[in-house]
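Me: I've got this one open in the viewer and would like to talk it through with you. Can we start with the salt bridges and work outward from there?

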Amino acid sequence: MTVSLEQLQVWMQSRENEHLEFKEGKTSYDFDKLIKYCVALANEGGGHFILGVNDKWPRTVIGSRAFSNLQEVKADVSRRLHLRIDAEALDHPDGRVVVFQVPSRPVGFPIQVHGAYWMRNGEELVPMTPDKLKSIFAEAGPDFSAEVCPRATLSDLDPKAISLFR
């Protein structure tokens, strides 16, 4: 992952959402909160968690001294979540900015930590609702088109459908 200062500027012009989160983290940031945000981002399809930028409009870089050993933090987060989380520090003229890139969770498998499957609800992190969990688990349902029909013969197949499929 290589994030440019131009890409950071584009993100800073964007609103926070389930794929983009800003935190100041001026001197430090709580590791457990980082983990929860990474889980929420992964559960929502992936995204970026950015430290060193205020989360109010207009966004400005304020710099962050949090997580000085990014290699160790990446390893710890990846070990806890069983996802490869990438991170890098940007040298912005107004201070150090830390960007965590979080991939999407595997299809059909929400991620949990501290006994909950986290997601964003507005500005808050909340446990996933039962209906959201149900829809994620259903993603990995059976693929009936991949099943073998033992008594089917070639006469059961439509030549036009086979041509379209090809």
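Me: How exposed is glutamate 139?
Reply: In this predicted model, glutamate 139 has a relative accessibility of 39%, so the residue counts as partly exposed.

Me: And which residue does glutamate 139 form a salt bridge with?
Reply: The partner is arginine 105, and the closest N and O atoms of the two are 2.9 Å apart. Arginine 105 sits in the loop between β4 and β5 (118-121), while glutamate 139 is in the loop between α4 and α5 (159-165), so the bridge ties together parts that are 34 residues apart in sequence.

Me: How many salt bridges turn up in the whole structure?
Reply: A search of the whole structure gives 7. One of them joins the side chains of lysine 23 and aspartate 55, at 3.9 Å from N to O. Lysine 23 belongs to strand β1 (residues 20-23) and aspartate 55 to the loop between β2 and α3, so this pair ties together parts that are 32 residues apart in sequence.

Me: Which salt bridge involves arginine 79?
Reply: The side chain of arginine 79 meets that of aspartate 76 in a salt bridge, at 2.5 Å from N to O. The two residues are 3 apart in helix α3, so about one helical turn separates them. Arginine 79 is exposed, with a relative accessible area of 55%, and aspartate 76 counts as partly exposed at 26%.

Me: Let's stay on α3, then. How many residues does it have, and what does it reach from first C-alpha to last?
Reply: Helix α3 covers residues 70-81, which is 12 residues, and reaches 16 Å from its first C-alpha to its last, close to the 16 Å expected at 1.5 Å a residue. After the helix comes histidine 82, whose phi is positive, near 60 degrees.

Me: Which residues of α3 are buried?
Reply: They are Leu70, Val73, Lys74, Val77, Ser78 and Leu81. Viewed down the axis of α3, these buried residues fall within an arc of 125 degrees, so they line one face of the helix. As background, an α-helix has 3.6 residues a turn, so residues three or four places apart point the same way.

Me: What does the buried side of α3 pack against, and which exposed residues are on the face turned away?
Reply: The buried residues of α3 pack against α2 (31-43), β3 (86-92) and β4 (95-102), while the face turned away from them carries the exposed residues Gln71 and Arg79.

Me: Changing topic to the largest nonpolar core: which members touch the most others?
Reply: Among the 27 residues of that core, Leu34, Phe67, Leu81 and Phe100 touch the most other members. At least two residues each are supplied by α2, β2 (47-51), α3 and β4, and α2 gives the largest share, 8 residues.

Me: What does phenylalanine 100 touch?
Reply: Leaving out residues up to four places away in sequence, the contacts of phenylalanine 100 include Leu34, Phe49, Phe67, Leu70, Val73 and Ile85. There is also a second, separate core of 12 residues, which includes Leu8, Leu20, Ile50 and Val61.

Me: Last topic, the overall picture. How many helices and strands are there, and what order do they run in?
Reply: The protein has 5 helices and 6 strands, and from the N terminus on the elements run α-β-α-β-α-β-β-β-β-α-α. The radius of gyration is 21 Å, well over the 15 Å that the globule rule gives for 166 residues, so the protein is more spread out than a compact globule.

Me: What box do the C-alpha atoms fill?
Reply: Taken along the principal axes, the box is roughly 70 × 35 × 30 Å. Of the 166 residues, 41% count as buried.

How values were computed. Residues numbered from 1 in each chain as written. Predicted model: local features only at pLDDT ≥ 70, side-chain atom pairs only at ≥ 80, totals over all residues. Heavy atoms only, no water. Helix = DSSP H or I, 4+ residues; strand = E, 2+ residues; numbered from the N terminus. Expected span 1.5 Å × (residues − 1). Buried < 20%, exposed > 50% of the residue type's maximum accessible area, 1.4 Å probe, protein only. Arc of directions from axis to C-beta. Contact = heavy atoms within 4.5 Å. Core = buried A, V, L, I, M, F, W, Y, C linked by side-chain atoms within 4.5 Å. Salt bridge = Lys/Arg side-chain N within 4 Å of Asp/Glu carboxyl O. Rg over C-alpha atoms; globule rule 2.2 N^0.38 Å.
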